[in-house]
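Dear colleague,

I am handing over the structure below, and my notes on its helices and sheet follow it.

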Amino acid sequence: FCIKLRHSLPAPSPYSCTLPSPPPSSLPPLHRSIVTHISPTTSLLRSNTTDNEVYLIGTAHVSDASAQEVVDLIRLVQPQVVFVELDSTRAAQLRNNNNGNAAESSSSSSPFDLSNILPNNIISQMMNNANFARILEAAPALLKRLGWFHTPQGGEMKAALAEADRMGIRCVYGDVEFSQTTRELKKSVMGIALNPAQSLANIPTPPSELTSVFGPLLAGQSDPKEFVEMIKTRERARQVTTYLSRCFPSVYKVMITDRDVHMARMLRDHCSDGKVVAVVGMAHAEGIEREWEELDT
């Protein structure tokens, strides 16, 4: 089977994925702990210890195309479970928004809003570092585009929930609770704030491949919608997250590593039978794949 979206992307080739056929029943069982990339944004995760097949799709949370890709994949796979990068609180907010309630609780604010974490005098001290100020200004926009954290609108997550409801498919909310992530993030940022001279002195300059790609967007010279589709790749996500992990490893652990581990284990523990479509930000896809393979070793 082949899936082709009804819109065009500025990527080198159109989005498509081929669902692998199962081996003939007469053959001996294969070792199934394997990750197979079946499209630029989608991989198939199989395991030696469970019978599930997970179609993991990496998205950009501000991409209209991602929302349509998610719907198309769910319709193609006909899964028993739809797994989303949401906790129960954020899922309830999206569902309320779908029902016409636009009000959002304070927990939907960005984790990078330092005013929710640090006193103003400490923020001012940290902002005196030019590299830190530049990164803090750019990070939310870049990470939303690459799927590090979702926007309140959460287009592709809302689309996944709506399609699952329409088809009568069970949903699993697989992310760490937002309140827990916020607590851990506060500890990490406080560690930086209490020793800013050491923590901020060695922040590296962004590599040229990032400045050349993201510079025009931050300067207002690129169309945001076209730009989102152009950078919605594993390579761009890897470049951004690698750089940010070098700048702030403790923050990276809270925002990426810990959540990747949690979501991979949720996929194993709560989606263990049948087919699953898992919808996550592109920045989480490779980490989940690595942890998935580690769980069988």
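At what angle do helix H10 and helix H11 pack, and how far apart are their axes? This is a predicted model, in which local features need pLDDT of at least 70 and side-chain atom pairs count only at pLDDT 80 or more, while totals for chains, interfaces and linings use all residues. Residues are numbered from 1 along each chain as its sequence is written, and side-chain values use heavy atoms, with hydrogens and water left out.

H10 (residues 234–247) and H11 (residues 249–270) pack at about 130 degrees, with their axes 5 Å apart; axes are lines fitted to C-alpha atoms, for helices over the stretch in contact, and angles run from 0 to 180 degrees between N-to-C directions. Helices (H or I, at least four residues) and strands (E, at least two) are DSSP runs, numbered from the N terminus. That angle makes H10 oblique to H11, since angles under 35 degrees count as roughly parallel, over 145 as roughly antiparallel, 65 to 115 as roughly perpendicular and the rest as oblique. Thr241, Leu244, Ser245, Arg246 and Cys247 of H10 meet Pro249, Tyr252 and Ile256 of H11 in this contact (heavy atoms within 4.5 Å).

The open sheet has 6 strands in the order S1-S2-S3-S6-S4-S5, with mixed pairing (two strands pair if DSSP finds at least two bridges between them). Strands S1 (34–37) and S5 (170–173) stand at the edges, each with a single partner strand, so one side of each has no neighbour in the sheet. S1 pairs with S2 (residues 42–46) in the antiparallel sense over 4 bridges, and Ile34 stands opposite Arg46 in S2. H11 also lies across S3, S4, S5 and S6, running at about 145 degrees to S5.

Best regards
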